[in-house]
Amino acid sequence: MKSSGKWVGLVLLGLFLAAAVFGPLVAPHAPDRGNLDEKLLGPTAAHLLGTDDNGVDLLSAMLYGARLALLISGVTVTLCTLIGVALGTIAGYAGGAVDEIIMRVVDMLLAFPGLLLNLAIVAVVKRPGVDVVVLALVLNGWVGYARLVRGQVLSLREREFVAAARALGAGTGRILVRHVVPNVVSPLIVQMTFHFGSVIVIEASLSFLGVGPQVGYTWGALLAQGNDLLWKTQRLLWVPGAAIALVVVATNLVGDALRDRLDPRKI
């Protein structure tokens with residue numbers, strides 16, 4: 001059962017990545033130019049998923065939205081990982097006052113509801129772009145990585161191979177880069193996989209509320225339009241909603257499989 005779930009997740013995630021990378025290259029129409037004479041059309045040969053309230057081809061909008069979702073999630077997860085690994089490693093290895101300061105900052109950020117903090121940041125910008133959204137997501141997104149890495153480093157710094165490297169005269173930087181950080185890669189990969197899906201949900205939530213990237217083809221914006229037109233058609237709600245749900249399911253299935261595969265107790 002777990003094996004089949006892993007393959008389902010990989011297939012779904014592969015389809016999303018293919019749509020994000022290659023979809024805009026083969027999209028049949030522009031994602032932001034519509035024809036009001038063709039608005040709210042059902043699926044046809046020219047518009048496989050139909051059109052929205054502005055006559056925009058829904059398939060093209062979804063493909064461009066997938067690329068934007070991949071861009072935002074990829075950049076956010078990468079930055080959160082770099083910041084979290086750096087601060088978590090420093091906190092765990094240095095200990096003392098340095099650890100106390102970093103972890104109190106982590107506790108402060110965790111005290112705020114994540115989505116509300118993201119919303120507060122993007123809401124102060126008149127027309128938030130991708131950069132503002134990524135900044136908002138990174139501001140509190142790194143704390144999970146920092147806590148994870150700190151816990152791992154607290155254990156690793158007392159291990160024999162670290163003590164041996166220290167006894168041989170290796171500096172702190174060399175010990176961290178060559179002996180400590182490589183040993184936290186496995187749990188980091190699992191964390192990044194789960195985080196990737198959650199970022200897509202948060203970005204879609206911000207766009208649904210109208211404070212995401214100011215383009216009409218984000219999945220959250222398409223979902224909001226579908227919600228407004230629910231009394232006319234359910235298609236505009238189901239298509240982006242199903243896409244978001246399937247990507248999150250895919251990342252969760254792949255994350256579960258990676259967690260089982262990389263668990264040292266099962267190796």
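**Entry 1: a pair in helix α3**

I began with Arg 104, which forms a salt bridge with Glu 100; the closest N and O atoms are 2.5 Å apart. The model I am reading is a predicted one. Both Arg 104 and Glu 100 belong to helix α3, which covers residues 96-111. They sit four residues apart there, about one turn of the helix. I noted the general rule that an α-helix has 3.6 residues a turn, so residues three or four places apart point the same way.

I then asked: is Arg 104 buried, partly exposed or exposed? Arg 104 has 39% relative accessibility, so I put it down as partly exposed. Glu 100 has a relative accessible area of 45% and is also partly exposed, because that class lies between 20% and 50%.

**Entry 2: a second partner**

I looked for other partners of Arg 104 and found Asp 107. The side chains of these two meet in a salt bridge, at 2.6 Å from N to O. Asp 107 and Arg 104 are separated by about one helical turn because they are three residues apart in helix α3. Asp 107 counts as partly exposed, at 34% relative accessibility.

**Entry 3: the pair in helix α11**

Next I moved to helix α11, residues 235-262, where I found Arg 259 and Asp 256 three residues apart, about one turn of the helix. Arg 259 has a relative accessible area of 44% and is partly exposed. Asp 256, with 29%, is partly exposed as well.

How many salt bridges does the structure hold? I counted four. As a reminder to myself, side chains of opposite charge can pair when their charged atoms come close.

**Entry 4: two helices that cross**

I turned to how helices pack. Two packed helices are described by the angle between their axes and the distance between the axes. I took α2 (residues 58-94) and α6 (residues 143-156) as my example, and their axes come within 7 Å and cross at roughly 35°. The crossing of α2 past α6 is right-handed.

Which residues make the contact? On the α2 side I listed Val 77, Cys 80, Thr 81, Gly 84, Val 85, Gly 88, Thr 89, Ala 91, Gly 92 and Tyr 93. On the α6 side I listed Tyr 145, Ala 146, Val 149, Arg 150, Val 153 and Leu 154. Sorted by class, the contact of α2 with α6 has ten nonpolar, five polar and one charged residues.

**Entry 5: Leu 87**

I stayed in helix α2 and picked Leu 87, which lies in it. Leu 87 counts as partly exposed because its relative accessibility is 27%. Leaving aside neighbours within four places in sequence, I found Leu 87 in contact with Ile 102 and Trp 142. I also checked Leu 87 against Lys 39: the two are 48 residues apart in sequence and 51 Å apart in space, C-alpha to C-alpha.

**Entry 6: Leu 40**

I went to the loop between α1 (2-26) and α2, where Leu 40 is found. Phi of Leu 40 is near 55°, a positive value in a residue other than glycine. At 26% relative accessibility, Leu 40 goes into my table as partly exposed.

**Entry 7: helix α9**

Helix α9 covers residues 185-208, which makes 24 residues. From its first C-alpha to its last, α9 reaches 34 Å, close to the 34 Å expected at 1.5 Å a residue. I noted buried residues in α9, among them Leu 188, Val 190, Phe 196, Ile 200 and Leu 206. The buried list also includes Thr 193, His 195, Glu 203 and Ser 207. After α9 comes Gly 210, with a positive phi near 90°.

**Entry 8: the whole chain**

I finished with the overall picture. The protein chain has eleven helices and zero strands. Its C-alpha atoms fill a box of roughly 75 × 45 × 30 Å, taken along the principal axes. What share of the 267 residues counts as buried? I found 41%. Among contacts in the protein chain with a separation of 6 or more, 71% come from residues 24 or more positions apart.

Terms used. Residues numbered from 1 in each chain as written. Predicted model: local features only at pLDDT ≥ 70, side-chain atom pairs only at ≥ 80, totals over all residues. Heavy atoms only, no water. Axes fitted to C-alpha atoms, helices over the stretch in contact; angles between N-to-C directions. Helix = DSSP H or I, 4+ residues; strand = E, 2+ residues; numbered from the N terminus. Left-handed = near helix turned anticlockwise from the far one by under 90°. Contact = heavy atoms within 4.5 Å. Nonpolar A, V, L, I, M, F, W, Y, C, P; charged D, E, K, R; others polar. Expected span 1.5 Å × (residues − 1). Buried < 20%, exposed > 50% of the residue type's maximum accessible area, 1.4 Å probe, protein only.
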